[in-house]
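Take a look at the sequence and the structure below.

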Amino acid sequence: MAGMRCGAMLVTIVCAAGLLVGSPATALAASPACAAASAPAAAAVPLSGATLASVAAYRAAHDTVRLPVDLAASAPAAVAAQVARRAAARRAPVRLARGAPAAACAASGRIVLANLDQQGQITDYYCGPATVSEMAATRGLRVDQGAAARWMGTGPSSGTSVDRLTRGLNQFVGWPGGGTYAFVSLSYSPTPNERAAFVARLRSDLTTYGGWPVAGDAWEVPGGPHLVGHPDVEIFHWIEIGGMGDGDTVAYYADSATTVWSGVPAYSWIDLGALVDILGGRGYAW
Amino acid sequence: MVGALVAAAACGAPAARPPAANATPAPPPDAVRAYSVCFAPPSEDWTRRFSEHAVAIGGGVDLHLGAVADDGRTAYGLVRRSAADQAVAAVDLATGAVTSIAALPAGAAGIGSMAASGSWVVWQQANSAANLGDWAVRAWSRESGETLDLATSRSPDGQQAFGQAPLPVAGRGMVAWAQPQPRQASHPVATVERYDLASRRTTVLDSGRVSGPVLAGADLVWARVEADGSYALRAVDAVSLRAAPLPERVRAPGPVVYLAGSDRYLAWSTDQRELHVWRLGTREYGDYTADVRHPLQFLRLAGDFTLWYAGLPSTVLDLRTGHAFDVRGSLAGTDGLIAESEAARLSYAPLTADARIDGCG
């Protein structure tokens, strides 16, 4: 699957695994996300083999979509080539139509998009439109949830499909900013290569031309890992991923389900391995 | 914290109201202890406690544990035999035998919350994995086999509820929950409802920006956001519905995200990391600070322990020591035991007098 070709932004920030940090001072100082970059995190709690096997079995038994998984595309050499091609394609800057560019905010070994937007979804099945609207706002663009939902054909019985959401991202976020989004499918139980590829692609998007958020397609299953504040039931859900750090062990995301479950925080840090497990059987658009 | 108000769950049958404190000119000061919660795997002692009472679940099905009966003999939860065959079920804690109670509709996402008291089990079922607001609250009687449909996410005129799906509680012959109302404002609005299982009548106790109620001792307690944005806890006697007194520290709790009650404690979280606990009938309080990998959510109480689902793992916290351990399965408890289920296996640890979490790693 072709990688996203993110357009150039007005602010260029280069971060490599938290070693090299650059960002406008205003972005560093102004954003709540930057404050979140210093939030503490404890040691990871690994999932048991039995739990992972149970989650994979559940997904295999319940999958009505069966997205094709291209394991070769997650091989380290393939991912490195993808990222390099994208970097080359980003040399021609494209100015956004309106709004302020995103800027990565780095602190304490973490990268967080300084303008990471969060909105409560306006219906119980609008996580897809809300994620598109959030990601547009993060990039200094504007599309409201209703308009995104109408364009993508979001419905109460099925939400927003992978294909429709990816096209919606390109329509409202990618193309207006000079880039494109592509969806990467993950195995029911993501492989080490798939995990490493997610880290590489997320870092690439967060740190290129002011930073691009990544859309995560969560498939939470009973007994498996869940996003913060989500009940232990099966949930299909889109989220906006906008940060990472602590040696690639944690990720930061905005969750539109604040209007569905009152205990859901607008923004959360989560163990990065658990997040990839949550995206298993679906995937992410980068 | 703005707008974070969540219903909660209570475990076990509530005790009689504790005697009212004597009115004295100079009451003793509140005793508040602060704990920085330390997390570790279960100790050998706790592993042994669980393993001594472990059974394979009949048919090899997975159980998503939701509640345990007061008598400690039966666990309730969701069993899944296939994608099309999910049901609320009872599992015998001694034998692992499974008895189906109610089938879930095709495409159901699971059980969002469950409580048991006396002969009744009540649960909130999520009917769709894609439409997060499609749910129902149902109850089942172990004595009669009767199933009641108590609430749904659609009002009689077809409008969709907006806000937190209920986390119902049961006890003292009633079921209570917060019923979210159709969208009226940018923030969810709900009514606190009490359903009398004998008379089959519903009483609305409060409305507005309210949490679900919990049973704490003899009282129903819930949180609300007042017009000025401040948080308050309110209480009524669960039977007479007369207003019940709360200590000053509890009446003005600060932000309330999750709330839990039992016959011994009232607990609430103010964010993902801060937990506050009041020992009912005393001036003893505990303030607990967790870490970001154990977000305080879906709190429950069992004996001297707080149980919560942290998104995986689940966690058991000893309120007397501030020490905690993680388990990978689902948890439920009563005043007499803590039960865990993972991968077609169900076990429980009796809460005997020496059941404490003293070490930390």
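Between chain A and chain B there are twelve residue pairs in polar contact, with both residues at pLDDT 80 or more. A polar contact is a pair of N or O atoms within 3.5 Å; within protein, one must be able to donate a hydrogen and the other to accept it, and residues adjacent in sequence count only if both atoms are side-chain atoms. On chain A, the elements that give two or more residues to the side touching chain B are α3 (49–62), β5 (235–245) and β7 (267–271). Helices (H or I, at least four residues) and strands (E, at least two) are DSSP runs, numbered from the N terminus. α3(A) gives the most, with six residues.

This is a predicted model: local features need pLDDT of at least 70, side-chain atom pairs count only at pLDDT 80 or more, and totals for chains, interfaces and linings use all residues. Residues are numbered from 1 along each chain as its sequence is written, chains are lettered from A and ligands numbered from 1 in the order in which they are written, and side-chain values use heavy atoms, with hydrogens and water left out.

The contact (heavy atoms within 4.5 Å) takes 49 residues from chain A and 45 residues from chain B. One salt bridge joins chain A and chain B. A salt bridge is a side-chain nitrogen of Lys or Arg within 4 Å of a carboxyl oxygen of Asp or Glu. Here A:D271 pairs with B:R293, and their closest N and O atoms are 2.8 Å apart.

Now find helix α5 of chain A, residues 127–138. Is α5(A) enclosed or open? Eleven of its twelve residues are buried, so α5(A) is largely enclosed by the rest of the structure. Buried means under 20% relative accessible area, exposed over 50%, and partly exposed in between (1.4 Å probe, protein chains only). The cover over the buried residues includes β2 (110–113), α6 (145–152) and α7 (162–174) of chain A. After α5(A) comes A:G140, with a positive phi near 80 degrees.

Next, the charged pairs. Over all chains, the structure holds 27 salt bridges. In one of them, A:R195 meets A:D277, with the closest N and O atoms 2.6 Å apart. A:R195 lies in helix α8 (residues 192–206) and A:D277 in helix α9 of chain A, so the pair ties together parts that are 82 residues apart in sequence. A:R195 is partly exposed, at 23% relative accessibility, whereas A:D277 is buried, at 7%. In chain B, a network of salt bridges links B:D45, B:R48, B:R49, B:E52 and B:D354.

Notes: The expected span of a helix is 1.5 Å times one less than its number of residues.
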